[in-house]
Amino acid sequence: MCKLKLTTGIHNPPDDFPWLLAEAYYHKPEQLKEEFLQQDLTYLNKYAVEGMAWLDKDFFANIGNDKKRKTLIELLQVTENDSYILPFSPHMMITVKKQIHEK
């Protein structure tokens, strides 16, 4: 299952655990960008939704601590647009703008 996802980007829920994740396609950052560009949209930016913060096993405890929250937010801000680190985030978000064509 993992090899297929890594080579094709296609995720099909396992028969034994159909509730685990929905059927999905995992984009690489440049594939996501290209998909939107093909729809005549202007690319603005890509963001890591969770960024590196999800790797902190104590995230929920640390986000409640003022000093640690500040450090986590700084880490997220520094890494949220880093094209090399972006794939480490479980989710990506892209911002685009619809092109206005005057008649």
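The model is a predicted one. In these terms, Y26 belongs to the loop that connects strand 2 (24-25) with helix 2 (29-37).

Y26 also contributes to a feature of the surface: together with F17, W19, L20 and L21, Y26 forms a nonpolar patch whose accessible area is about 560 Å² in total. The relative accessible area of Y26 is 36%, so this residue is classed as partly exposed.

The aromatic side chains may be taken next. The structure contains 1 aromatic pair. The partners are F59 and F60, whose ring centres lie 5.2 Å apart with 80 degrees between the planes. Because planes over 60 degrees apart count as edge-to-face, the pair is assigned to that class. The two partners may also be described by accessibility: F59 is partly exposed, at 22% relative accessible area, whereas F60 is exposed, at 73%.

Another ring is involved in a contact with a charge. The charged end of K33 is placed over the ring of Y43, at 4.4 Å from the ring centre.

Finally, Q77 is part of helix 4 (residues 66-79). Its relative accessibility is 53%, and Q77 therefore counts as exposed, the cut-off being over 50%. Q77 and H101 are separated by 24 residues in sequence and by 34 Å in space, C-alpha to C-alpha.

Methods:
Residues are numbered from 1 along each chain as its sequence is written. This is a predicted model: local features need pLDDT of at least 70, side-chain atom pairs count only at pLDDT 80 or more; totals for chains, interfaces and linings use all residues. Side-chain values use heavy atoms; hydrogens and water are left out. Patches are made of residues with over 30% relative accessible area and no salt bridge: like charges are joined within 9 Å, nonpolar side chains (Val, Leu, Ile, Met, Phe, Trp, Tyr) within 5 Å. Accessible areas come from the Shrake-Rupley method with a 1.4 Å probe; for residues, only the protein chains shown count as cover. A salt bridge is a side-chain nitrogen of Lys or Arg within 4 Å of a carboxyl oxygen of Asp or Glu. Helices (H or I, at least four residues) and strands (E, at least two) are DSSP runs, numbered from the N terminus. Buried means under 20% relative accessible area, exposed over 50%, partly exposed in between (1.4 Å probe, protein chains only). Rings of Phe, Tyr and Trp (its six-membered ring) pair if their centres lie within 6.5 Å; planes under 30 degrees apart count as stacked, over 60 as edge-to-face and the rest as tilted. A charge sits over a ring if NZ of Lys or CZ of Arg is within 6 Å of the ring centre and within 35 degrees of the ring normal.
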